[in-house]
Amino acid sequence: MTSWRSHRLGRAAVLGTVATLALVGCGLGSGAKDSGPAAAGRTPGEKIELTFWSWVPGVDKAVDLWNSEHPDVKVKLEKIPAGGAGGYAKMHSALQAGTGAPDLAQVEYQEIPGFLLEDGLVDLTKYGVDDDKSKFVEWQWQQASYGDGVYAVPQASGPMGMFYRQDLFAKWGIAPPKTWTDFRKAASTIRAKDPNAYIATFPPGNSAWFTSLAWQAGAKWFGVDGDTWVVDIDSAETRKVAAYWDAMVKDKLVKTEPDFANAWYKDLQTGHIVAWPSAQWGDAILSGNAPNTAGKWRVAPMPQWEGSAFTSANWGGSSTAVLKGAKYPQEAKDFAVWLNTDPKSIDLLIKGGYGWPAAQDALQGSALDRPYEFFGGQKTNDVFAAADKAIDKQWGWIPTTAAAYEHLNDGFRKAIAGQGTFVQAVTAAQAKTVADLEAKGLKVRTS
Amino acid sequence: MTVSRTERRAAAGFLLPFVVLFGAFFVLPIGYAIYRSLLTTKRSGPLGLGGSRTVFAGAANYVAALTDEAFVDSVVRVLGFALIQVPLMIGLATTMALLLDAASARGVRFFRSSYFLPYGVPGVIASVLWGFLYAPGVSPIIDLLDAVGIHANFLGSSTVLFSIANIVTWEFAGYNMLVVVAQLKAIDQDLYEAAEIDGANAYQVIRSVKLPLIRPALVLTTVFTIIGTLQLFAEPLVLRPISTAINTSYTPNLAAYTQAFVNNNYSLAAAQSVILAAAACVLSFGFLHLVGRKETDR
């Protein structure tokens, strides 16, 4: 049952390609010596060691590669539990204790503001990270930028598409749905053709998925206005998405079982769930948990809301951050940029299986750029490359994102149990999220 | 009576290890939790990113905890849970112990060990194990029930608490049984002989000899169970990913855990923990007081 949580790995992803390495190594880097008393910097030729906390599969190999190429700046990797499974608690405790925190750490995009609030991250613009901006996909760069600062180096994300069982869709005479209206029609056809089959599940305990659907519909839940945090979960766009799934559940067109759970894997294996709007890293989840369905799946672009230009969304995303207290922030930044842009590092990380590189144009020639047997020889990542270019750049996060997710989960669970609707859950989550931020002593308004 | 200096020193020497450990791992953490629960964080600067300081908050965290609907719900939930769980647990443990103690019982050692065995399984493992038996699609129990036309959902909002009760009972009934068995073993055989001479049947022996004499064990196991149920944590935490009915503040402990490690609000988590500890204290000592008074009434 470890698989219950295994999807967290998927969110973590990794590197970018881009041939020009940032490296150059050591101490000569940028005139960034105004780093304050904590960061004395490294003298030329001095051998140093950086610690790095991460849970991303494959990152150990990339770190080994760095160490073989950079004998003077050794990186010591310490594997920690995935952020939501205890990794962040560990980082926050270390930061709060003022000792024991690593130099570098894996931080998902939605957690960055939470770390900023605890003053836990180093502003990398002091160490010349702006020079690396062009190496990364723009919206992902924005995910780590707050105010004038850049607080992490983007690593990976999860542009979304729709996985579906091509064999069953063909058997039932259904085309991959282009719009959400088509998706609903397909769902009802599937119910009619096979009483055991559903198009998908609405996972009531995984509001990160719902968040991505709202992101696609044009919602902008979180933002910053001057010195005030803005919360707009309960927007027209979000309510549209919530009402859509309310109707799907009410008409029994989707299952409501948890995703990433054994029952759901079983349904994927047995053809009782035949589609999954999900992120690129979902390919590994499917091939790992429903190996008997190899060759039967395909990927289509996300179904669209009518009347708008092609839009995808993102699910999951992760960065490499330099934590406060790091003795050698310059070298730490250099490593973070290398890890996420060096083509060899990226390929090692792709083989680990974590997701979609944050580096610009990383697809071409990488380990992702190939036909997949599991998907009947389809070059699935072409679909995700197009999706990556159609993601709303404005999306941001707040310091209490994890709690906001839980408020939504609680509301969705209640709705599934027959108390209220998803739309009401969205309204309630907004009120609770505003209260959370106020409880942290922050200025907040709704839009 | 006078106590010599050496005796005093010896007593202090024997007490010291306990006092040190008790202080370091009991008094100090509780003291710190209480201290922490009285603080709050104030932030300054744009977006609150300009630094923070910790200030005295008075009872603000307690007010926040007690006015939080979800937290109050969780307290009510575990109290309701205890109402069913405690009698069930004690009844079952006592019945098993009496059966094993019966004169005609066979294979006593085997059954005693196998009843006790689940206690050796850590709570998390037990929950994962039962999770497999509860999850539709992988559970043979659900498949079997399906085959005879019963569609069971062990993880729904109306059933999951009973599913948790089942895990807890499975885990701890054997342990509580052992406490009762130990006390049964301590009963003087002469009493049974006397009862036999008086013509008491097995039922009368249980009612008039065994039950009154194992009263201290029953009191002890009841207090254990009250405390254990209020502190319910591992089972709902493990079942949460597969159940749509368990939220992040399903039990008070889970709520405190969420506040501390999801929401980074250690002060509120501390306040919730202190409230839970106080509730457990009141209930345990209340129960002890209640049975103690009956004792003296006699």
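How many residues does the contact take from chain A, and how many from chain B? In this predicted model, chain A contributes 36 residues and chain B contributes 28 residues. On the chain A side, at least two residues each come from helix 3 (87–97), helix 4, helix 10 (262–270), helix 15 (401–416) and helix 16 (422–439). Helix 15 of chain A gives the most to this side, with seven residues. Sorted by class, the side of chain A that touches chain B holds 17 nonpolar, nine polar and ten charged residues.

Within chain A, there is a second contact to look at, the one between its domains. Domain 1 of chain A covers 2–157 + 315–388, and domain 2 of chain A covers 159–313 + 393–446. Their C-alpha centres lie 27 Å apart. Across the boundary, 36 residues of domain 1 of chain A are in contact with 35 residues of domain 2 of chain A. The domain 1 side draws at least two residues from each of helix 1 (7–11), helix 4 (112–117), helix 5 (138–143), strand 11 (314–322) and helix 14 (380–388) of chain A. Helix 14 of chain A supplies the most here, with seven residues. By class, this side of domain 1 of chain A has 17 nonpolar, 15 polar and four charged residues.

Helix 3 of chain A can be read in the same manner. Gly87(A), Tyr88(A), Met91(A), His92(A) and Leu95(A) are its buried residues. They span an arc of only 130° around the axis, which means that they sit on the same side of helix 3 of chain A. Their packing partners are strand 1 (48–54) and strand 3 (104–108) of chain A. After helix 3 of chain A comes Gly98(A), with a positive phi near 80°.

Two further residues have a backbone worth checking. Most residues other than glycine have a negative phi. Asp119(A), however, is not a glycine and has a positive phi of about 55°. Asp119(A) is located in the loop between helix 4 and helix 5 of chain A, and it counts as partly exposed because it has 13 C-beta neighbours inside 10 Å. Phe260(A) likewise is not a glycine and has a positive phi of about 55°. Its place is the loop between helix 9 (236–250) and helix 10 of chain A. With 20 C-beta neighbours inside 10 Å, Phe260(A) counts as buried.

Turning to the strands, chain A contains an open sheet of three strands in the order 7-8-13, with mixed pairing. Strand 7 (222–225) and strand 13 (444–446) of chain A form the edges; each has a single partner strand, so one side of each is left without a neighbour in the sheet. The twist from one strand to the next averages 30°. Strand 8 (residues 228–231) of chain A runs parallel to strand 13 of chain A, and three bridges join the two. Here Val231(A) stands opposite Thr446(A) of strand 13. Helix 16 of chain A lies across strand 8 and strand 13, at about 165° to strand 13 of chain A.

Elsewhere in chain A, strand 6 and strand 9 run antiparallel and are joined by five bridges. One of the paired positions is Gly161(A), whose bridge partner in strand 9 is Ser278(A). Strand 9 (residues 275–279) of chain A is mostly covered, with five of its five residues buried.

How values were computed. Residues are numbered from 1 along each chain as its sequence is written. Chains are lettered from A and ligands numbered from 1 in the order in which they are written. This is a predicted model: local features need pLDDT of at least 70, side-chain atom pairs count only at pLDDT 80 or more; totals for chains, interfaces and linings use all residues. Domain bounds come from an automatic or database domain assignment. Two residues are in contact if their C-beta atoms, placed from the backbone, lie within 7 Å. Helices (H or I, at least four residues) and strands (E, at least two) are DSSP runs, numbered from the N terminus. Ala, Val, Leu, Ile, Met, Phe, Trp, Tyr, Cys and Pro count as nonpolar, Asp, Glu, Lys and Arg as charged, and the others, Gly among them, as polar. A residue is buried if 20 or more other C-beta atoms lie within 10 Å of its own, exposed if 12 or fewer, and partly exposed in between; C-beta atoms are placed from the backbone. The arc is that of the directions from the helix axis to the C-beta atoms. Two strands pair if DSSP finds at least two bridges between them. Axes are lines fitted to C-alpha atoms, for helices over the stretch in contact, and angles run from 0 to 180 degrees between N-to-C directions.
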